[in-house]
Amino acid sequence: MAPMGRLRSYGYVPQPQAALYYSQRTTPGGLLISEATGISETAMAYINIGGIWRKEQIEAWKPIVDAVHSRGGVFFCQLWHAGRVSHRDWQPNGEAPVSSTDKPVADDPSSQYRFTPPRRLTTEEIPTIVNDFRLAARNAIEAGFDGVEIHGAHGYLVDQFLKDSVNDRTDSYGGSLENRCRFALEVIEAVSNEIGPDRVGIRLSPFANYMESGDSDPKSLGLYMAKSLNRFEILYCHMVEPRMKTVSEIFECTESLTPMRKAFNGTFIVAGGYTREDGNKAVEEGRADLVAYGRLFLANPDLPRRFELDAPLNKYDRPSFYTTDPVVGYTDYPFLDTTD
Ligand SMILES: Cc1cc2nc3c(=O)[nH]c(=O)nc-3n(C[C@H](O)[C@H](O)[C@H](O)COP(=O)(O)O)c2cc1C
């Protein structure tokens, strides 16, 4: 199951309904990646996203993780920092959100989300953010998670360092490809040292340009990251397909993740617009080891069973993706009626 923020973690604390939601989607040996989970107070961007930097949050995750484990699932926590995709109202003391840059994301008055201009992190501050990722990874293990996925995709903080349309730094974290990838690789190194590389994955979306985070040479960026990650021997690299030009729309394109898949030595996960058929094909043809499913899993708690039987699928209800109801659009999608 692909990571999906569902905005049902009131006050940044995961809620009991998440135990039911995740356990409904658990199968023995199935890998679930959690919703994006904030690593620190400055990481947050929207209301009702879960965090994992406070004791209370760690305790709240425990029964959720237990529920997944009791059904034999493998559960990774996606660790996230929003960077400039935030608003000072969500920041401690109303300060500016932090980023690789001080360039703002355009504030779109028609959107339900508002952003305020970021403050560029100084070179000296960067190790403190790396350390926040490290501590959050330790907290995730304390909560019982089997591992963590660093959220390096979709225009959030790690991606704000990776992409040349955002990163305009002149220090050792900006400019060349090597410099732009430095922050992500320092996070990977710190987290791997803390919890062991066999518990670490990363999600990347080199081809995406969400939140104005495009890159002029995404193929070189993806390849450089895939090769550099080998040094740390982490468990997996999870890449979002180039066809996912926005978080939920698919475009035809000729770009492919195959060069990155070939360059990376560990488990390679792909995501983005997959159906049962083309997911099977991707694995058969060796283009991926695993395929992550997002929206189909959101709407079909028993997706693996339905795939096994090639049964019809529930349709997802987009308006309730990000609403706050603890049941509606969350845990009330029907299971397959196998009594027919
Ligand atoms: C409701 C919703 C929430 C999402 N939240 C996250 C998230 O927290 N972290 C992330 O990396 N991707 C997130 N995504 C993207 C999905 O993980 C996935 O890449 C995307 O839905 C495309 O895959 P699909 O076609 O199988 O749905 C989200 C997508 C949806 C629909």
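Is Asp310 buried, partly exposed or exposed? I get 47% relative accessibility for Asp310, so it counts as partly exposed (buried is under 20% relative accessible area, exposed over 50%, partly exposed in between, with a 1.4 Å probe and protein chains only).

Ground rules before I go further. This is a predicted model, where local features need pLDDT of at least 70 and side-chain atom pairs count only at pLDDT 80 or more, while totals for chains, interfaces and linings use all residues. Residues are numbered from 1 along each chain as its sequence is written, and side-chain values use heavy atoms, without hydrogens and water.

Most residues other than glycine have a negative phi. Asp310 has a positive one of about 55°, and it lies in the segment after α10 (303-309). I also noted Met211, with phi near 55°. Met211 sits in the loop between β6 (200-204) and α6 and is partly exposed at 27% relative accessible area. For these labels, helices (H or I, at least four residues) and strands (E, at least two) are DSSP runs, numbered from the N terminus.

**α5 against α6.** I looked up how α5 (177-195) and α6 (218-230) pack: the angle is about 40° and the axes are 11 Å apart. Axes are lines fitted to C-alpha atoms, for helices over the stretch in contact, and angles run from 0 to 180 degrees between N-to-C directions. The pair is therefore oblique (under 35 degrees is roughly parallel, over 145 roughly antiparallel, 65 to 115 roughly perpendicular, the rest oblique).

**α1.** How many residues of α1 are buried? I count 7 of 8 in this helix (17-24), Tyr21 and Tyr22 among them. Their cover includes β1 (31-38), α2 (55-70) and β2 (74-80).

**Salt bridges.** My search of the whole structure gave 19 (a side-chain nitrogen of Lys or Arg within 4 Å of a carboxyl oxygen of Asp or Glu). I checked Arg276 with Glu277, at 3.4 Å N to O. Arg276 is partly exposed at 22%, and Glu277 is partly exposed at 47%. Then Glu142 with Lys55, at 3.0 Å: Glu142 is in α3 (126-143) and Lys55 in α2, so the pair ties together parts 87 residues apart in sequence. Shared partners join Lys55, Glu59, Lys62 and Glu142 into one network of salt bridges.

Definitions and conventions: Contact means heavy atoms within 4.5 Å.
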